[in-house]
Amino acid sequence: MSWARFVLANLWRNPLRSALTAGAVALAVALVSLLLTMPAGMDLLLDRLASNTRISVHHKAGVVYTMPAAFTRKIRQVDGVAAAVAMSWYGGAYEEAGRVTFPNFAVEAEHVGAVYPDYRIDPVELDDFLRYRDGAIVGRGTLRKYGWKIGDRVTLKSTIYPADLEVRIVGEIPNDAAPMLWLRRDYLDEALKARGWAGLGNANVVWVRVADPNRVNAVMRDIDDLSRNSEAETASETEKSFFGNFFGSLDGLVRIILLITSLVALCIVFIAANTTSMSVRERAGEIAVLRALGFSRAAIFRTLVAEALLLAGGAGLLGVAMAWGLTGTLRALAGWNETLGPLGNFTVTPAVVAQGVALSVAVGLLAGVAPALGVVRRPVAEALREVF
Amino acid sequence: MRHLPVAYSVRNVLARPTRSLMTAAVIALVVVACTLLLGLIGSLRRTLISSGDPRNLVVMRKGSDNDGSSQVTLEAYQAIRFFDGIARDAADQPLVSPELVVQPFIRRASGGRENVLVRGIEPMAFRVHSEVRIAAGRMLVPSAGEALVGRGLLGRYEGAEIGGELRFGRGRWRVVGVLEAGGSSFESEIWVDARELARDAKRPFPYSGIRVRTASPGDMAALRRRIDADPRYALEAKPEVEYYASQAESAHVLYVLVAGVALLAGIGAGFGAANTMYASVQARTAEIGTLRALGFSRRAILRAFEIEAAALGVAGFALGAVVSVALAAAVRHGLGGVGFSARTFTTNVIALHVAPSDLAIAAALAVLVGVTGGIAPAYRAARLRPIEALRRA
């Protein structure tokens with residue numbers, strides 16, 4: 001009988017116990033992998049949305065503090081700036097939804113395409129956005145959600161400006177995750193003036209694309225220097241840092257989730273160690289016989305540890321596969337129920353797979369070594385005396 | 001029918017202390033994970049749901065789901081003040097509190113920044129929000145750069161203490177008092193003078209929302225209809241309690257998380273418990289044979305093993321309950337509050353408390369895990385044929 005078959009046969013000795021242990025380890029690894037996808041999911045979400053050559057210029061006090069939209073012209077003159085677009089939060093609620101269900105902004109049609117080349121918006125659609133004053137570009141996620149298509153007219157009721165607008169959808173942002181809607185600043189400006197208000201003189205954020213990725217920091221410094229000591233001092237940051245800060249207040253929650261993850265990981269070590277020690281203890285007599293027959297301590301130790309490793313490793317793979325299936329289900333669910341939206345971003349990445357498998361191997365080692373050492377160290381005569 | 005005494009099952013748990021302790025520890029960890037998550041949800045819900053007065057209405061622009069993204073004109077405020085059905089104070093002033101909510105950046109004492117909810121108020125706010133009071137310090141003086149800070153924010157931001165200087169918006173604000181509001185989300189807010197805040201944020205409209213105390217529950221419905229139907233202002237009135245309950249919807253994600261953790265970890269621990277029980281049945285084959293030979297029925301054996309499994313569950317729960325209450329206290333003291341963003345994008349600071357109801361749910365889960373893990377081994381024990389069991393021994 002080969003060594004490998006011997007290990008397998010031992011695992012098969014009590015198939016029910018092996019299955020239960022493998023099941024417990026697999027479930028726990030699945031859980032840990034799922035929880036591990038959360039920080040990675042956030043990062044992935046940021047990476048997908050954010051470009052490292054795009055920067056956000058906003059008032060130092062926060063995005064709800066506005067700055068003069070004319071400032072955008074000064075930004076465009078800064079050396080290294082490829083394009084810049086002023087954005088104002090319109091806060092439009094789609095009538096049927098009754099509240100703000102997707103972000104919508106007033107933007108400059110002639111500049112927005114150059115700031116977001118990575119969104120791959122059809123140039124013909126961008127031309128239409130320039131041509132039609134009431135035009136709007138909408139993310140594919142929102143288009144799908146409401147069953148809109150290009151050419152549709154949609155009325156938005158603003159929660160910010162005393163001007164409700166009907167827009168005509170002229171293009172889409174071809175990204176399934178994109179929820180935003182862009183309408184034109186001049187259209188909103190005109191509507192405000194027609195209703196007797198001051199026009200749209202302010203912006204919440206100016207988005208800037210920097211030509212050279214190596215000069216991002218220098219450009220941010222130059223832009224912030226423009227407004228130093230003015231009434232609207234700006235603070236620039238990369239797009240990733242801008243969105244990352246939205247999640248910053250969640251660090252307490254993340255810490256609790258990590259705490260729970262480590263508890264669960266500990267839980268698996270317990271389960272696996274428990275079983276291994278049970279099965280080793282039951283085989284004390286048999287192991288003594290093997291030793292008496294001339295098998296070395298090292299050989300027996302290797303066998304026992306290999307057994308634990310094989311069980312835990314196999315279970316770990318199963319667990320990672322379960323996590324993969326579950327995140328897929330969550331993504332499907334998130335498409336169906338919007339309150340679950342954030343859960344839809346969690347994907348089992350290769351890094352998570354590696355971590356899950358590494359965890360299960362560590363568990364196998366921890367659970368196998370201690371009981372195996374105990375049983376191997378016992379003098380053969382003593383163990384045999386107990387058995388016979 | 002003769003039953004085996006409960007003490008028999010309990011003694012069996014104690015007979016193999018290491019193995020039983022391992023299994024109980026596994027169940028305990030499930031209990032801890034579950035209680036902490038439930039405690040988090042409970043604390044969040046309590047914070048949001050305890051906010052708001054059942055007599056109050058929130059008036060915002062139509063379509064707004066939070067008073068931070070809404071605008072109300074001075075004209076609308078002046079008109080609504082004199083609508084019917086609004087409670088009045090001793091000086092016959094209508095209990096209407098116009099407010100401006102702004103969410104500026106603020107620096108965390110621990111580094112990083114977040115959005116904080118700053119509420120610009122007039123003195124009437126303290127009469128309309130009856131649950132909010134100044135727990136320490138004094139009321140702010142308008143136009144003097146003074147601020148009141150919610151109890152939950154103390155120490156979270158640079159200068160968030162009486163006498164400290166907060167920096168947000170264009171200015172600097174001296175903290176003169178601490179707000180207390182029965183654990184509700186007002187304790188995660190900063191209050192300043194409304195006009196001063198409007199100036200600081202350069203808002204064209206002085207207010208973002210209005211809070212109204214209605215005279216009676218009957219007036220509430222009528223007042224809502226009147227505000228909703230008024231074509232001049234495009235405003236909408238919502239009961240304050242409903243408004244905060246809808247903010248709690250952001251906890252749905254957490255529910256899914258808890259259900260997932262409880263399910264996966266629970267089944268895993270159930271497998272672990274089954275393992276221990278199987279081993280225990282196997283080790284006691286001869287004993288079970290003897291019991292059967294002595295005339296104990298299959299059902300008595302089944303019952304004894306089920307009780308043993310439940311005892312493991314109870315032991316696991318007891319262990320887990322102690323650990324999770326201790327951990328919650330450690331988190332409260334170590335982390336202060338747990339930040340959670342509701343729909344407003346501003347931070348609610350929650351004190352993590354494990355409630356008795358959370359422990360009750362975890363207890364049920366622990367016993368369920370123990371008992372379902374014990375069912376199959378108990379059946380195996382009960383099915384053993386006495387002759388064979390004795391012969392094998």
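Leaving aside its neighbours within four places in sequence, which residues is Ala33(B) in contact with? In this predicted model, the list draws on both chains: Ile260(A), Leu263(A) and Val264(A) from one, and Val261(B) and Ala265(B) from the other. Ala33(B) also turns up, together with Ile27(B) and Val30(B), among the residues with the most contacts inside the largest nonpolar core, a set of 168 residues. Helix α2(B) puts in the largest share of that core, at 18 residues.

Now for the interface itself. On the chain B side, 58 residues are in contact with 47 residues of chain A. The elements of chain B that give two or more residues to this side are α2 (17-49), β4 (113-115), α8 (252-283), α10 (298-335) and β13 (338-341). Of these, α8(B) gives the most, with 17 residues. By residue type, the side of chain B that touches chain A splits into 30 nonpolar, 19 polar and 9 charged residues.

As for the chains one at a time, chain A has 14 helices and 12 strands. Its radius of gyration is 31 Å, whereas the globule rule gives 21 Å for 388 residues, so chain A is more spread out than a compact globule. The C-alpha trace of chain A covers about 100 × 45 × 35 Å along its principal axes. Buried residues account for 44% of the 388 residues in chain A. Taking contacts in chain A between residues at least 6 apart in sequence, 80% link residues at least 24 apart.

Chain B, for its part, has 12 helices and 14 strands. A radius of gyration near 21 Å would go with a compact globule of 393 residues, but the value for chain B is 30 Å. Its C-alpha trace spans about 95 × 45 × 35 Å along the principal axes. In chain B, 50% of the 393 residues are buried, and 82% of the contacts with a separation of 6 or more are between residues 24 or more positions apart.

Helix α13 (residues 350-377) of chain A has 28 residues, which at 1.5 Å a residue should span 40 Å; its end C-alpha atoms are 40 Å apart, so the two agree. An α-helix has 3.6 residues a turn, so residues three or four places apart point the same way.

The other helix is α12 (residues 297-336) of chain A, where Trp324(A) is found. With 18 other C-beta atoms within 10 Å, Trp324(A) counts as partly exposed. The C-alpha atoms of Trp324(A) and Ala30(A) are separated by 8.4 Å, although the two residues are 294 residues apart along the chain.

Finally, a look at confidence. Chain A has a mean pLDDT of 84, with 91% of its residues at 70 or more. Within chain A, strand β9 (residues 181-184) has the highest confidence, at 96, and helix α14 (residues 380-387) the lowest, at a mean of 71. Where pLDDT is low, the predicted coordinates should not be read in detail.

Notes. Residues numbered from 1 in each chain as written. Chains lettered and ligands numbered in written order. Predicted model: local features only at pLDDT ≥ 70, side-chain atom pairs only at ≥ 80, totals over all residues. pLDDT = per-residue confidence, 0-100. Helix = DSSP H or I, 4+ residues; strand = E, 2+ residues; numbered from the N terminus. Rg over C-alpha atoms; globule rule 2.2 N^0.38 Å. Buried ≥ 20, exposed ≤ 12 C-beta atoms within 10 Å, placed from the backbone. Contact = placed C-beta atoms within 7 Å. Nonpolar A, V, L, I, M, F, W, Y, C, P; charged D, E, K, R; others polar. Expected span 1.5 Å × (residues − 1). Core = buried A, V, L, I, M, F, W, Y, C linked by C-beta atoms within 7 Å.
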